[in-house]
Amino acid sequence: MGVLDRDLLLAVVKEARRAPSARNQQPARWRLRDDVVELLEDPARRLPACDPSGRDHRLALGAAWEGTRIALSTRGLRFDDEVLAAVPDEEGVVACGRVVDGGMRDLFADVVMQRATWRGPLLPVPSHVLGDVAADLEPLGAVLVQNPAIIEEAARVVDDATATHLLRPSAIEELVTWLRLSRDHPSWDRDGLNAEMLNLSPFAARLQSLALRRGPLSQLHRARLAHHVVGEAAQVRSASGLIAVLAPVDEIEIVTGARLYRVWLTVTSAGLHACPMSALTADESVCAAFRGALGLPSSWRLVHLWRLGRAPRAVPLSPRLPAEELVS
Ligand SMILES: Cc1cc2nc3c(=O)[nH]c(=O)nc-3n(C[C@H](O)[C@H](O)[C@H](O)COP(=O)(O)O)c2cc1C
């Protein structure tokens, strides 16, 4: 009898599935072969229009793998002989590891079930807390940016970068498939971005869902609508800092994604909230401008920029697919 069976893997996945993913698309699936856990991608959950390079997809897979490691640690288990791949193999496997007894409970095990994206305005963070967070982020390859000029520049460009990204018809169509603006949506509590997660009032959500249902809308109208859903300048201006998630240029994204999750759990441990702004680094010229402003050496990539601050109230957890659907 091995150290892991399907019931135990299901319990592990219930925690590992809390890892973040772009649009809450939840691309990770798990499979048990004897004592080897495999992480597979669900290719149907790629975001070909909004994430054509697959960067955010692979980052999410890396985060899910890290989530698996953390969940195993709470049961006195750990990976041995781990293999992480740059891209999924022909069966979709991106990571595998033999599970053995031993290892310490992960430092972040207690905050996994508390981490949540907060997209609304942020309250200021005392400078001593920011100092502690900056020190904790450094070994994880992330930098806390407190320069007001860089924060203002992010606020100035974020909505245009998002709109440029979304004005492509395929991108807007794809975004719409992940929006759940009414509780009646069959996937409201399964995946995607629901109105509650987007911090939309019931009235704003109702208006937008009516507009989206109003037959064939012009792309421009839909883009404006989406722009309204994702307009973020004011929220960026309310941030106490930006987190720049960095990676060595030769690091595979699964590994970066695992580290990205630890960056986020560091933020949660400090009682703070973050929100990634993928559009700022998906656009090459915008990303290059921030790279320059941060003075990054050419051996490092700027993976993501997040806004950081304190949420004004408790943030509800976003939905996840049932663990039984994620394990084969
Ligand atoms: C790679 C990646 C990219 C993301 N990009 C964005 C983004 O551009 N804007 C945003 O509001 N949230 C972004 N998120 C946050 C996800 O939408 C969020 O993690 C997901 O909806 C699940 O919600 P949770 O973080 O509250 O669990 C991103 C998350 C990941 C992992």
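Around the ligand there are 19 residues, of which the closest are Pro20, Asn24, Thr117, Ser278 and Ser318, a residue being near a molecule if its C-beta atom, placed from the backbone, lies within 6 Å of it. The model is a predicted one, in which local features need pLDDT of at least 70 and side-chain atom pairs count only at pLDDT 80 or more, while totals for chains, interfaces and linings use all residues. Residue numbers start from 1 along each chain as its sequence is written. By class, the shell around the ligand holds eleven nonpolar, five polar and three charged residues; here Ala, Val, Leu, Ile, Met, Phe, Trp, Tyr, Cys and Pro count as nonpolar, Asp, Glu, Lys and Arg as charged, and the others, Gly among them, as polar. Helix H2 (55–73) and strand E9 each supply at least two residues of this shell, and H2 gives the most, with four residues. Helices (H or I, at least four residues) and strands (E, at least two) are DSSP runs, numbered from the N terminus.

Contact between two residues is taken to exist if their C-beta atoms, placed from the backbone, lie within 7 Å, and axes are lines fitted to C-alpha atoms, for helices over the stretch in contact, with angles running from 0 to 180 degrees between N-to-C directions. The sheet has four strands in the order E1-E2-E4-E3, with antiparallel pairing, where two strands pair if DSSP finds at least two bridges between them. Its edge strands, each pairing on one side only, are E1 (28–33) and E3 (77–84), and the twist from one strand to the next averages 25°. E1 is joined to strand E2 (residues 36–41) by six bridges in an antiparallel arrangement, with Leu40 in E2 as the bridge partner of Arg29.

Four antiparallel bridges link E5 to E8, and Ala142 has Val245 in E8 as its bridge partner. E8 and E10 pair in the antiparallel sense over eight bridges, among them that of Pro248 with Trp300 in E10. E9 is joined to strand E10 (residues 300–309) by four bridges, again antiparallel, and His273 is partnered by Gly309 in E10.

E8 is mostly covered, seven of its eight residues being buried; a residue is buried if 20 or more other C-beta atoms lie within 10 Å of its own, exposed if 12 or fewer, and partly exposed in between, with C-beta atoms placed from the backbone.

The largest nonpolar core contains 70 residues, of which Leu242 and Ile243 touch the most other members, and H2 gives the most to this core, with nine residues. Such a core is a set of buried Ala, Val, Leu, Ile, Met, Phe, Trp, Tyr and Cys residues joined through C-beta atoms within 7 Å. Apart from its neighbours within four places in sequence, Leu242 is in contact with Val145, Ile150, Ile151, Ala154, Leu305, Trp306, Arg307 and Leu308. A second, separate core of twelve residues includes Leu47, Leu175, Leu179 and Leu193.
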